[in-house]
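Biologist: I am new to this structure and would like to learn how to read it. Could you walk me through some features, one at a time?

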Amino acid sequence: MMTSPRRTEPLAAGAAAVTVVLWASAFVSIRSAGTAYSPGALALGRLLAGALALGVICLVRREGWPPRPAWRGIAVSGLLWFGFYMVALNWGEQQVDAGTAALVVNVGPILVALLGARLLGDAMPPRLLAGMAVSFAGAVTVGLSMSGGGGSSVLGVVLCLLAAVGYAGGVVAQKPALARASALQVTTFGCLVGAVACLPFAGQLVREAADAPVSATLNMLYLGVFPTALAFTTWAYALARTTASRMGATTYAVPALVTLMSWLALGEVPGPLTLAGGALCLAGVAVSRSRARTARVVAVERRPEQTRESA
């Protein structure tokens, strides 16, 4: 029995909201864990924790192996997003200030939209483009307001840009795989691929874990279980039910939430410019995920006809 569109849309929106909140919390945890763990070791520890949590859930649900046609997308997304992106972002954030990192990495949703249109045939409606423009302006505002003088390096900017490219490529590769495998399967095996790719950092992880404070290790485990295992699964669930471009635009809410969480958890009081940028990010997400009134009217008019055909 198929789930009705009226029920699916709120579930997908809720899943996207869970993803955005947990990914925003990851920036706070990375800041803590990154003081004790090197970029590769932190990525490997996070992925191992995530793969273990996902593996247990898969065993309980008896998910089994993904179908063969899904493996190409799973492998590519695992290498680019779970592996390369996490290492590059961790390394980049050690070279540049948080504002510059946020600014450069937020090129990612734009790349997702462009690649989605080119490779997946995603539509680029005016509302999506307008919303992304507003959100990107907000991300630029947040980034400039948080940037410290002289805190950036060419290497750090390049690493953050490479992380954005890896993120975009991973999302676009993951979308076709979700048509052939479940969100849990795609996330679990993508996480495993990323962990295998990061195994060269195993020696660093063992050495650094022996000396790391408990708080840093707990933050690494949190990153694996929640922003990775849970958030990437809810992301895949939502991505399977919408376009890559719209999901990419949704992540523009992350800078606003990071600002709020840093305020509450770290006592970092945002300035007026940061708050204004966060508001722009959220407004752009709202615009990009909204639908034109005429499209909603057409959908309502077609629904009775579709119901009779499926009866």
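Biologist: Let's start with Arg-62: is Arg-62 buried or exposed?

Modeller: Arg-62 is exposed, with a relative accessible area of 77%. Buried means under 20% relative accessible area, exposed over 50%, and partly exposed in between, using a 1.4 Å probe and protein chains only. This is a predicted model, where local features need pLDDT of at least 70 and side-chain atom pairs count only at pLDDT 80 or more, while totals for chains, interfaces and linings use all residues. Residues are numbered from 1 along each chain as its sequence is written, and side-chain values use heavy atoms, leaving out hydrogens and water.

Biologist: Where is the place of Arg-62, and what is its phi near?

Modeller: Most residues other than glycine have a negative phi. Arg-62, however, has a phi near 55°, a positive value in a residue other than glycine. Arg-62 sits in the loop between helix 2 (39-61) and helix 3 (71-95). Helices here are DSSP runs of H or I with at least four residues, numbered from the N terminus.

Biologist: How do I read a pair of aromatic rings?

Modeller: Such a pair is described by the distance of the centres and the angle of the planes. Rings of Phe, Tyr and Trp (its six-membered ring) pair if their centres lie within 6.5 Å; planes under 30 degrees apart count as stacked, over 60 as edge-to-face and the rest as tilted. By this rule the count is 13 aromatic pairs. One of them joins Trp-65 and Phe-189, a tilted pair with 5.1 Å between centres and 35° between planes. Trp-65 is in the loop between helix 2 and helix 3, whereas Phe-189 is in helix 8 (residues 183-197), 124 residues apart.

Biologist: Which of these counts as buried, and which as exposed?

Modeller: Trp-65 is exposed at 66% relative accessibility, and Phe-189 is buried at 11%. The ring of Phe-189 also pairs with that of Trp-71: the centres are 5.4 Å apart and the planes at 70°, so this pair is edge-to-face. Because Trp-71 lies in helix 3 and Phe-189 in helix 8, the pair ties together parts 118 residues apart in sequence. Trp-71 is partly exposed, at 27% relative accessibility.

Biologist: Which residues form one aromatic cluster?

Modeller: One cluster consists of Trp-23, Trp-81, Phe-82, Tyr-85, Tyr-167, Phe-232 and Trp-235.

Terms used:
Helix = DSSP H or I, 4+ residues; strand = E, 2+ residues; numbered from the N terminus.
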